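Thanks for coming. I will go through a few local features of one model, starting with a helix. Please have a look at it first.

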Amino acid sequence: MAATPSHTHTHTPSNGEPNQRYLLPLIWLTSLFFMWGFITCLNDILIPHLKGVFDLSYTQAMLVQFCFFGAYFLVSMPAGALVKRLGFQRGIVVGLVVAGLGCLLFYPAAQARMYILFLGALFVLASGITILQVSANPFVTTLGPAETASSRLTLTQAFNSLGTTIAPMFGAFLILSAAPEGATVAQVQAHEVQAVQGPYVLLFGALITLAIIFAIIKLPKIIQDDGPSEAGVTGGGSAWAYPHLVLGAVGIFVYVGAEVAIGSFIVNFLGEPTVAGMQEHEAGAMLTYYWMGAMVGRFIGAAVMRYVPAGKVLAFNALMACILVTLAIVSSGQVAMVAILAVGLCNSIMFPTIFSLALRGLGRHTSQGSGILCMAIVGGAIVPLLQGVLADSIGVQLAFFLPIICYAFIMYYGLVGSKPKNS
């Protein structure tokens, strides 16, 4: 998933079509969306692995997401100041280096076999990704006409979803692979440690390679635009004065929270005897279908929203998500499994759609509004932790009623809360 833009622009040809010279920078920027989608989704594999290694409760295991998404809340504003000082391209380089350092820290954390060190490494990794989001998104929205900015953001996020689709297969194969038969306890523990070290060292290499590339290539200059707010839209001297922006921030909070909570619990959910009784590595591979649904849905949604109002599409998807999660709670076996995996298809257009609806008419307050929405991604830290508490007390399956509440709010936002109040 990705944060959205500051109010910025680059020069585009008079016919409204993006200049060909923007194509290569857009491809490079899309690679970043793929990379942070891949890394973020690996958490869904890391959680059941660390839960088993350290014998954690569900609440303790959800601290993985708490530390990861908590970085969005703590680092978004400092990252904005850093990027303002360094510029967007240098900000991308810094973000890649910090994220790479976070990946490298997994090696000593695994050697020491200390859960708190894993959490620290995750926070550093997420801090780098937050800087990347603050830096990369303005480029994506400005590499072409303003009218198609939402379409470009949805398209790049489809490649973000490609990363989240591939990551579970990669993680399940390398991280959740079982130790050799007949291995001693010490050998099993050593295998579990090495299973984490290898993938994250590879990611370190990939991130540093990208950092070198972005330090060398030339990206277009972005011109800050502090134009006035849209005429007729109620507001004031701050983005907080726009009700549809504030409600949009709540929408981002509950959406990211619900998406991450479901993804984090799918492996354990499919392991339940009443659902599928799968082994961890089998269930981890099934995560691919959850994230693949989000990828496919974004391609479909980008086309549908050319003809159907975005708010109505958002409300419909949220309603379907409520129905599917309810079905996963009250049913069992294959029905419950298919229902929970299909929620990914409903999630697809929610993030970019809530973002675009929340920023409508903000004008010169768009940059501040973007920062507020980026901070709201902290929902990915809070909601999974709350669902962990519920899972420990009432069981994994019943705990899924929390995402239903989240999707109910998103349905309200799509139909009512997203409409700017006219003065």
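How far apart are the end C-alpha atoms of helix α16, residues 401–417? Before I answer, two remarks on the source. This is a predicted model, in which local features need pLDDT of at least 70 and side-chain atom pairs count only at pLDDT 80 or more, while totals for chains, interfaces and linings use all residues. Residues are numbered from 1 along each chain as its sequence is written, and side-chain values use heavy atoms, with hydrogens and water left out.

Now the helix. Helices here are DSSP runs of H or I, at least four residues, numbered from the N terminus. The end C-alpha atoms of α16 are 23 Å apart. That agrees with the 24 Å its 17 residues should span at 1.5 Å a residue, the expected span being 1.5 Å times one less than the number of residues.

Next, burial. I call a residue buried under 20% relative accessible area, exposed over 50%, and partly exposed in between, using a 1.4 Å probe and protein chains only. The buried residues of α16 are Leu402, Pro403, Ile404, Cys406, Tyr407, Ile410, Tyr413, Gly414 and Gly417. Among the elements that cover them are α9 (243–271), α11 (310–330) and α12 (333–347). Also on that list are α13 (350–358) and α15 (379–394).

Cysteine 406 counts as buried because its relative accessibility is 6%. Cysteine 103 is buried too, at 1%.

Now the backbone. Most residues other than glycine have a negative phi. Aspartate 55 has a positive value, near 55°. Its place is the loop between α1 (23–54) and α2 (58–61). At 69% relative accessibility, aspartate 55 counts as exposed. Arginine 113, again not a glycine, has a positive phi of about 55°. Arginine 113 lies in the loop between α5 (106–112) and α6 (115–142). With a relative accessible area of 41%, arginine 113 is partly exposed.

Last, one pair of residues. Alanine 302 lies in helix α10, residues 280–304, and is partly exposed at 25% relative accessibility. Alanine 302 and serine 348 are 46 residues apart in sequence, and their C-alpha atoms are 10.0 Å apart in space.

Technical notes: Helix = DSSP H or I, 4+ residues; strand = E, 2+ residues; numbered from the N terminus. Contact = heavy atoms within 4.5 Å.
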